[in-house]
Amino acid sequence: MTDSKFMKKILLLVLLFTATVSFAQVKLQGVVKDSISGSPLELANVIAIDQNTSTMESYAVTNPEGRYVLRLGRNGTYKLQVSYIGMKAVETIINTSEEDITRNFELSADNTLDEVNITYEMPVSVSGDTLTYNADSFNTGTERKLEDVLENLPGVEINEEGQIEVEGKVVNKLMVNGKDFFDGDSKLASKNIPSKAVDKIQVLRNYSEVGQLSRVSNNQDNVALNIKLKEGKEKFWFGNVTAGGGFSPEDELYLLQPKLFYYSPKFSLNFIGDLNNTGEVALTRRDIRGFGGGFRLPSRTSGTNINLGDNSLNFLTNQGNALEIESKLAATNFNYSPNQALDISGFFIFNSSRILSKETSFVQYTDSDLGIPDEATEQRSRERSDQGLLKLSASYSPNVNNQLDYDVLGRFSNDTQVQNLFSSVVGNTSQFEEVKPFSINQNINYYYTLNETNIFAFEAQHLIKDEDPFYSALLENDPTNNDAMDPDERDAFDNTADALGLNTTLNNYNLGQNRRIKSNQVDAKLDWYNILNDRSNINFTLGTILSRQEFNSDIFQFLENGARFNPTPTINDGRAGNDTEYNFSDVYLGVHYRVKAGKFTITPGFSVHAYANKNSQFNETFEDNFFRLLPDFETRIQLKKSESLTFNYNMQNQFTDVTRLAQGLVLNNFNSIQFGKPELQNALSHNLSLFYRSFNLFNYTNVFARVAYSKNIDQIRSLTNFENVIRTSTFFNSDFADETFTAFGRVQRTFGKIRASLNANFNYSKINQFIQGRRSVNEGFTQSYTPGVRTNFRYAPNVSVRYRYSISTNNQGTNETKFITNAPSIEFDAYILKAFTFRTNYTYNSLSDEDGEINSFQSWDASLSYRKDRDAKWEYEIQATNLLNIDSQIRNSANNLSVFTSETFIQPRFVTFRFVYTL
């Protein structure tokens with residue numbers, strides 16, 4: 001069976017399943033009005049309760065015309081409750097048959113004490129910019145973590161990065177009972193907060209952390225979540241502890257995961273621990289590096305973007321896909337409010353991992369007609385990473401007119417990687433990498449409201465960062481063929497060794513490199529907001545960025561007697577090392593005018609920048625001072641209360657880091673060598689985006705779409721020369737513009753207990769590269785479509801079916817590749833006899849090119865747990881991962897220089913037995 005036929009059959013089954021469930025229901029519809037004025041009531045709540053089971057069968061929220069629609073089972077009896085804030089609720093009995101029903105209601109003002117007792121809370125309610133979900137209305141009994149609850153909610157998604165998305169926007173902050181949870185990190189919360197502790201999920205749209213600025217700034221892209229807990233006591237503990245073990249073909253398995261939470265009105269304390277060798281990763285290394293701790297650059301909207309670089313290790317594989325994975329996590333977070341004016345908080349995170357990985361790849365380099373050979377590689381890597389974060393924060397707000405915030409965040413890590421590589425071109429290579437960086441980031445903000453029309457905001461941030469990557473490589477060498485006339489008879493690294501000035505008479509090349517990058521940056525601004533009237537305000541900004549970086553490096557060779565040899569390269573004018581100082585400053589003045597006119601909110605603005613940057617190296621100084629005007633514009637059309645269209649344009653100046661300015665040689669690794677250019681200028685980009693959102697509570701149809709276009713002028717690009725597969729690159733400001741275009745869309749519709757969705761992604765990029773002195777235009781186009789259907793039955797098993805179909809086309813110079821991925825998946829969970837929970841998920845991935853299937857792999861996990869009832873303290877679980885015991889996973893990818901297909905080897909079948917104790 002071909003992939004296309006298989007996909008069609010899957011989709012047909014999904015449609016038949018949806019149609020069957022919908023056909024088995026009748027439609028109850030009508031209008032809710034004010035009994036006196038006859039006006040329709042928008043956002044009135046309508047609930048249908050099954051009289052046989054005393055459970056909620058369906059619910060609805062009226063639209064602006066007061067209309068509601070409920071889908072009910074045939075031949076049933078239901079109690080209908082209709083309510084609206086400030087009005088007396090109405091209750092009636094409805095008997096369904098085979099035909100649809102129309103029933104209208106009129107509500108009167110609630111001025112008596114005799115009122116209907118509302119049996120069930122409304123599953124979804126709206127109050128201003130706050131959307132509140134009642135968790136129990138969507139729970140089916142199989143939920144264990146917060147993310148399980150969130151996945152049941154309409155309009156809420158957990159994306160592939162583990163981030164929470166609401167109405168198409170990534171959640172910026174997550175709180176529990178109004179207190180920051182690890183500075184609002186949504187992934188840490190969704191993976192660890194027990195589902196049974198969750199009462200309500202509040203979506204805070206147009207969220208502003210500073211109340212004083214909420215009416216003078218555009219916050220429509222800011223979304224926060226507040227998790228309200230069930231406990232109503234003043235002080236209470238909750239959480240659980242999971243412990244277990246199991247067996248695998250080679251090692252004994254262990255698992256210990258304590259998750260403890262304490263909340264009171266003044267103090268909260270959270271602790272999350274994780275110790276396992278089962279491959280369950282609470283936080284990846286990437287998560288830790290991206291953990292900003294709530295820090296946001298004051299200059300984020302100024303139009304200036306300066307890159308300080310990232311010199312952390314480039315580990316071989318994703319932390320979740322490896323042969324062996326050992327993880328340790330200890331994370332604690334506290335909040336203390338001694339009085340209403342002062343909040344003190346902080347967190348500490350320590351994350352440790354030990355990983356053994358293996359990967360084989362087939363690499364096709366761009367412009368193969370230039371003699372660059374294809375390369376097959378096999379790599380094994382042993383990785384060790386210890387990372388830590390410590391943050392302390394204080395916020396003081398003695399009154400509504402003053403708020404002072406201070407934060408300090410320290411981070412450190414100790415990472416090493418030992419890698420053995422076999423290349424069909426270069427042969428065997430052993431590599432060792434180590435880095436022990438640290439950074440300290442401080443932030444101070446002060447917000448002052450002078451009077452009703454004038455608000456001042458001061459924000460400043462200081463960063464100190466110190467990075468010290470070390471790299472060494474050991475390559476094979478046959479000294480007898482160094483002078484061979486035929487290049488094919490020489491070792492692949494010989495010409496590069498000559499160019500680096502290495503001693504070529506030894507039986508191997510044992511080279512190393514020390515690097516040290518110190519960064520010091522101050523980013524500060526002062527804002528003045530002047531409120532002109534109820535519909536407009538003007539904002540003046542005075543800001544600065546001051547940055548200093550020092551870069552030192554040296555390349556050396558270990559001789560066979562252990563001595564250290566400092567080579568003199570025959571390229572790059574003999575510059576082997578670096579001693580570079582780079583200073584950058586930006587002083588800017590910005591003006592923005594914000595006006596509301598009917599459905600429109602328009603914010604035009606600009607900033608004027610005075611730039612100065614200077615780098616000193618090899619007894620030379622290079623300076624560049626200039627002025628630039630950077631305009632920006634935003635307009636938002638509020639079509640309805642829950643429907644909007646936003647257009648944004650901005651011009652941005654992009655500045656590189658010190659490593660691309662440094663003229664000395666730098667080993668990214670043995671087959672990637674670079675040297676910088678001190679004359680590099682900034683790049684300029686034009687960025688446009690259009691975002692549409694519609695969240696319809698009447699028919700639970702959610703539509704989100706975003707298109708974005710970016711054009712980069714004077715972009716810093718590489719001039720690359722290949723010696724077989726070993727490349728040497730330098731940099732320049734390209735005269736040819738690079739372009740990217742992205743589009744994303746999601747449509748989600750709920751039909752009673754069925755939720756259907758369709759996601760679509762498009763990505764186009766055009767990048768100009770220079771290979772072997774020839775310009776090549778690399779174009780990539782990726783499109784993916786993901787239809788899906790999931791159920792949300794309270795008493796019946798639930799299923800989620802998805803199908804991801806993607807096409808990736810890459811045109812790199814004279815090479816063109818096309819990869820097609822078909823990935824159907826199914827998740828199934830059932831709450832059996834009110835005691836057993838069975839969950840399983842299966843995914844099939846097929847990767848093919850234009851000539852047919854290249855490879856495929858499958859993934860199947862399952863678990864079965866038992867607890868006496870939902871309130872039981874103890875739960876017992878058996879869990880199996882990789883049930884089919886597959887060896888590896890396949891993926892294809894592309895970068896600026898190559899397209900490659902990789903096979904990553906993964907952990908074998910694991911079976912573990914677990915005990916969960918709930919506080």
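Contact here means heavy atoms within 4.5 Å. With that in mind, select valine 426: leaving out residues up to four places away in sequence, this valine touches Leu475, Ala492, Phe670 and Val725.

Before moving on, a word on the model. It is a predicted one, where local features need pLDDT of at least 70, side-chain atom pairs count only at pLDDT 80 or more, and totals for chains, interfaces and linings use all residues. Residues are numbered from 1 along each chain as its sequence is written, and side-chain values use heavy atoms, with hydrogens and water left out.

Stay on valine 426 for a moment. You'll find it in the loop between strand S25 (402–423) and strand S26 (427–435); strands are DSSP runs (E, at least two residues), numbered from the N terminus. Valine 426 counts as buried because its relative accessibility is 12% (buried is under 20% relative accessible area, exposed over 50%, partly exposed in between, with a 1.4 Å probe and protein chains only).

Next, pick strand S52 (residues 898–905), where seven of the eight residues are buried. S51 and S52 make a hairpin, with three residues between them.

Now color the aromatics. There are 35 aromatic pairs in the structure, counting rings of Phe, Tyr and Trp (its six-membered ring) with centres within 6.5 Å; planes under 30 degrees apart are stacked, over 60 edge-to-face, and the rest tilted. Zoom in on phenylalanine 470 and phenylalanine 556, a stacked pair at 6.5 Å centre to centre with 25 degrees between the planes. Phenylalanine 470 sits in strand S29 (residues 470–476) and phenylalanine 556 in strand S31 (residues 536–558), so the pair ties together parts 86 residues apart in sequence. Buried or partly exposed: which is phenylalanine 556? At 2% relative accessibility, it's buried, whereas phenylalanine 470, at 22%, is partly exposed.

Last stop: two arginines over rings. The cut-off is NZ of Lys or CZ of Arg within 6 Å of the ring centre and within 35 degrees of the ring normal. Select arginine 775, over the face of phenylalanine 736 at 3.7 Å from the ring centre, then arginine 575, over the face of phenylalanine 618 at 5.0 Å.

Key. Helix = DSSP H or I, 4+ residues; strand = E, 2+ residues; numbered from the N terminus. Pairing = 2+ DSSP bridges.
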